[in-house]
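The following exercises concern the contact between two protein chains. Please work through each task before reading its solution.

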Amino acid sequence: MKHVFVETNFLVEVLRPLPTPQKRARDLLKRREQGEITLYIPWCSVTEVRRTLIDIIRRDLGFHDEMQRFAGLQMKAAREAKREAGFDNREIKKLKALAENATTEAIKSKNDRISHLVASLEIIQPSERVIEKTMEVCDIKTLKPFDEMVLGAVLARAEELQQAGERDLHFCTLDKSDLGPANNPNLKLAYDQCGLIFHADFSL
Amino acid sequence: MAQFLLRNTPDYRPTLIVQTCNQADDKVISAFKTFLLRNGCSLGLLFDPNKCLIIRDTFSAMEEDSFELGATFRTDAVMSKTKWHGLARSESLDRRVELWLHQLASKWEDLIPDDADIAAWFYSDIILHAAAARIEKRGTSQEENAA
């Protein structure tokens, strides 16, 4: 059994209206459903996604105002140039209605979808060991407090699994600049010590 | 009377403008539409003590006529889920709207009214423009429009 650690960007990729196909987050989730892997998520990522997903929905589906503004300019230009054909706005309006419906559905179902997804993952709770490990992270790498919490939780749980004899441990995150070991020997050592293999996407 | 400009991105254009007034009559509505147009904002809420008007851009023209009245609801009904934290309901409309807006930006899930018609507007338009927004409070609309 593979043990795979993920963080907020995994939740975002699974839950966002327009997922990034090459990141393959939903593939990873499918493998969990088939019992191939166990997925672990730090407690703080669950709270973070509740706060940030609305912004992601806005980025994915909030394009229709600008699209209509652009169409309005085209219509005005067509009128001013007295073009016979004018500018056909019907498809724009259809697309707007589709985007509005998708937005409403995404916002309405946001909390239910987060709860449903998180229920299928093992949450790394802020135990005493997780807090201790988080306090040690500043000796490994200078990170923002949120990333310290993520890394502290992942390292603490990976250590526990390793001590229990588990060997197939992976950390999949899109945040390679903060959490990737490539340019940081201390972080590489910390991952090596608990047998954690780093991946900069979800295509395990 | 106050104006609140909500922004979500580094873009200086507000995503939602909320204004209070003594009475949302035709003159005030017309000035509000102009203010929305000038600021490149497609959605506005105009509150008076009794009613809240939702004004939105139809993008049918690049002028005031493009803005239409989407819906009118009772002010109390729109703000029905606000946690007043000791602020009396008799407080000024400006202060009540300001408190409601800040709660809407930070925890919109708790602010969805029970009225299904109003809730539909929240889900389709208001939340997307207000959630997690930065709120800038300005002076009166008359001052702004004269500027």
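Helices (H or I, at least four residues) are DSSP runs numbered from the N terminus; their axes are lines fitted to C-alpha atoms over the stretch in contact, with angles from 0 to 180 degrees between N-to-C directions. The model is predicted, and side-chain atom pairs count only at pLDDT 80 or more. Residues are numbered from 1 along each chain as its sequence is written.

**Exercise 1.** Determine how H5(A) and H4(B) are oriented to each other.

Solution. Step 1: helix H5 (residues 90–119) of chain A packs against helix H4 (residues 116–130) of chain B at an angle of about 75 degrees, and their axes are 8 Å apart. Step 2: angles of 65 to 115 degrees count as roughly perpendicular. Step 3: H5(A) and H4(B) are therefore roughly perpendicular to each other.

**Exercise 2.** Describe the interface of chain B with chain A.

Solution. Step 1: 21 residues of chain A are in contact with 20 residues of chain B. Step 2: about 1,800 Å² is buried between the chains, 58% of it on carbon and sulfur atoms; buried area is the accessible area (1.4 Å probe) lost on putting two parts together, summed over both. Step 3: two salt bridges (side-chain nitrogen of Lys or Arg within 4 Å of a carboxyl oxygen of Asp or Glu) are counted between the chains. Step 4: Glu66(A) and Arg13(B) meet through their side chains in a salt bridge (3.2 Å, N to O). Step 5: on the side of chain B that touches chain A, H4(B) gives the most, with six residues.

Notes
Chains are lettered from A and ligands numbered from 1 in the order in which they are written. This is a predicted model: local features need pLDDT of at least 70, side-chain atom pairs count only at pLDDT 80 or more; totals for chains, interfaces and linings use all residues. Side-chain values use heavy atoms; hydrogens and water are left out. Helices (H or I, at least four residues) and strands (E, at least two) are DSSP runs, numbered from the N terminus. Angles under 35 degrees count as roughly parallel, over 145 as roughly antiparallel, 65 to 115 as roughly perpendicular and the rest as oblique. Contact means heavy atoms within 4.5 Å.
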